[in-house]
Amino acid sequence: MSSLPMYASESAKAASASESRYRITVPIAPARNARVIALDTRAASVARRISDGPWANARFYTCEAAPDRGPADEFLLYRLDGVPAALDDMLRDTDVVVIMATDDSGGTRAAAIGSACSARAITTAGVVLGDGFEADDAVAALRPHARVLLLSADESDAFELLRALRV
Amino acid sequence: MLRQDINELLTQTGPGTPMGDLFRQYWIPALLAEELPENDSPPVRVKLLSERLIAFRDSEGRYGLIDEFCAHRGASLWFGRNEGSGLRCPYHGWKYDVTGQCIEVPSEADNSSFCENVKLRAYPLVKVGDVLWTHMGDPAKRPDLPEFEFAHVPPEQTYTSKRWQQCNWLQAFEGGIDSSHVTFLHSGGLKSDPLFKGAKGNEYNMKDTKPFFEVADSEGGLFVGARRNAEEGSYYWRITPYVMPAFTMVPPRGDHPLHGHFWVPIDDENCWTYSFDYHPGRPLTAAERQAMIDGHGVHSKNIPGTYRPMANMDNDYLIDREAQKRGETYSGVAGIAMQDASLQESMGPIVDRTKERLVPADSGIIKARQKLRKAAIALRDEGVTPPGVDTAHHRVRSAAVVLPQAESFLDSCRDAIKATPGVPHSSV
Ligand code: FES
Ligand SMILES: [Fe+2]
């Protein structure tokens with residue numbers, strides 16, 4: 001068994017700490033253009049708390065049911081400063097949507113946003129915060145659409161997910 | 001990505017580090033029972049959590065795990081003579097018992113009490129199943145012995161192997177909760193491995209290569225569910241339990257045995273991968289056991305007399321590009337275990353996680369790192385006992401099930417993910 005390179009062009013393996021130091025370092029551009037949507041009141045306060053994190057392109061929204069008259073899956077989106085936003089505009093140029101819920105009140109909205117994302121080939125992640133478990137319907141509504149559902153009692157998981165995704 | 005300081009926190013497990021202290025809260029595998037096969041068998045060098053130790057089994061069958069180096073002038077006790085209920089350093093004859101207590105210093109007067117004051121650091125070494133476990137932390141906080149099912153079923157129902165992996169424990173462990181690589185890296189094995197092939201579930205696996213994931217807290221760690229389309233209106237779920245700090249199970253396939261891993265840091269650039277297979281309901285067949293010995297399934301074929309895989313970094317894992325072209329293996333490396341190890345070792349001894357580009361499908365890994373970091377900090381700052389110490393947390397199982405689309409795997413599989421003696425595992 002030899003540790004010599006097999007071909008002349010193969011001059012190294014990352015087999016030691018010193019070899020792996022030669023890995024090329026170029027700054028990694030944030031690859032993601034994320035939208036974070038809070039489905040209910042508690043989720044909105046989580047979104048507010050994490051929104052001033054070290055984000056490059058992430059934008060945060062809240063989401064409310066439309067006043068009575070409209071169809072059940074009709075909803076209104078707002079930026080965190082209260083300015084209304086349109087779903088189409090919000091989803092333009094994004095490649096990942098993180099939907100946050102803490103209870104079941106946003107179940108129908110979750111399904112509507114989820115299918116809007118699916119239709120546009122936008123990867124969707126759901127973060128459902130709570131203990132054991134007040135948001136079954138929200139989870140069920142997100143399930144068909146969210147590539148990942150993170151069910152967690154720990155609100156900092158939302159922050160860590162965004163950070164890990166370099167949004 | 002992960003900040004560099006967090007990467008260091010999670011990957012360093014030597015004495016006095018937060019993660020090292022975390023590992024020292026648990027019973028962890030120190031060696032296989034087969035390594036000390038009989039009383040007075042040769043002592044074995046064991047490096048764990050960056051501490052160099054010697055394991056031996058004395059004339060009365062007691063196991064000991066003590067400081068490798070003689071208290072006199074530091075010779076390695078690997079050269080020790082294991083006889084007469086103790087390990088004697090061959091240099092000047094100092095002798096130690098399994099607790100590390102020096103019991104003889106020949107150069108001193110016959111009734112001298114000198115040796116009473118000489119004690120090497122020692123840890124308990126206890127056989128549970130096929131594994132010798134140790135607890136390297138505060139004896140006053142020693143937990144109950146591990147209750148993982150693989151170590152408690154009758155011996156004819158279980159098999160454990162181990163292999164040396166040349167990288168930090170965390171990147172090896174992360175492979176254990178990363179369900180999304182299976183469809184690619186291990187696709188060859190689903191068709192041909194004697195311990196995997198033939199299950200109905202494999203078809204769902206191969207047909208739907210874009211699984212959806214659900215990651216949920218459990219008392220001892222996590223459950224990661226990976227879901228693929230099954231028949232109309234139903235999903236095929238593969239459920240992976242993680243028990244902190246480093247125990248994971250692979251979802252089963254058909255009536256094949258259940259399997260999983262325990263990832264144990266040797267030092268910061270090496271780890272032991274313990275791999276087990278067991279069947280909760282029946283003895284392993286002779287063919288199954290032979291397949292495990294031959295390195296199929298999650299096991300590896302090791303260089304005889306060692307725990308180093310035959311296919312390793314020095315021979316490029318015996319990569320076979322022709323077999324890859326023929327479609328027998330996806331990466332050209334044979335065997336599930338070495339497919340994983342080759343890629344994990346290729347990242348370098350401690351991968352630089354500031355350079356990663358994670359995707360939502362990596363959420364299990366993101367969450368596991370979070371749990372480890374939080375537990376290490378809570379232990380350091382407030383002395384909080386981490387999840388996974390309580391032996392009730394050990395009684396988990398992986399499962400592979402088909403459920404109606406509307407059902408949550410956590411609700412529907414409450415019993416399936418619990419280890420209940422004698423109850424068959426849930427597997428398709
Ligand atoms: S595709 Fe995952 S490491 Fe390359
Ligand atoms: Fe793997």
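B:His186 is buried, with a relative accessible area of 4%, where buried means under 20% relative accessible area with a 1.4 Å probe and protein chains only. The model is predicted, and local features need pLDDT of at least 70, while side-chain atom pairs count only at pLDDT 80 or more. Residues are numbered from 1 along each chain as its sequence is written.

| Buried residue | Relative accessible area |
|---|---|
| B:His186 | 4% |
| B:Asp340 | 15% |

B:His186 lies in the loop between helix 4 (182-185) and helix 5 (187-192) of chain B, and B:Asp340 in helix 9 (residues 336-346) of chain B, so the pair ties together parts that are 154 residues apart in sequence. Helices are DSSP runs of H or I with at least four residues, and strands are runs of E with at least two.

In helix 2 (residues 41-51) of chain A, the residues A:Ala43, A:Ala44, A:Val46, A:Ala47 and A:Ile50 are buried. They cover an arc of only 160° around the axis, which puts them on the same side of helix 2 of chain A, the arc being that of the directions from the helix axis to the C-beta atoms.

Key: Chains lettered and ligands numbered in written order. Heavy atoms only, no water. Buried < 20%, exposed > 50% of the residue type's maximum accessible area, 1.4 Å probe, protein only.
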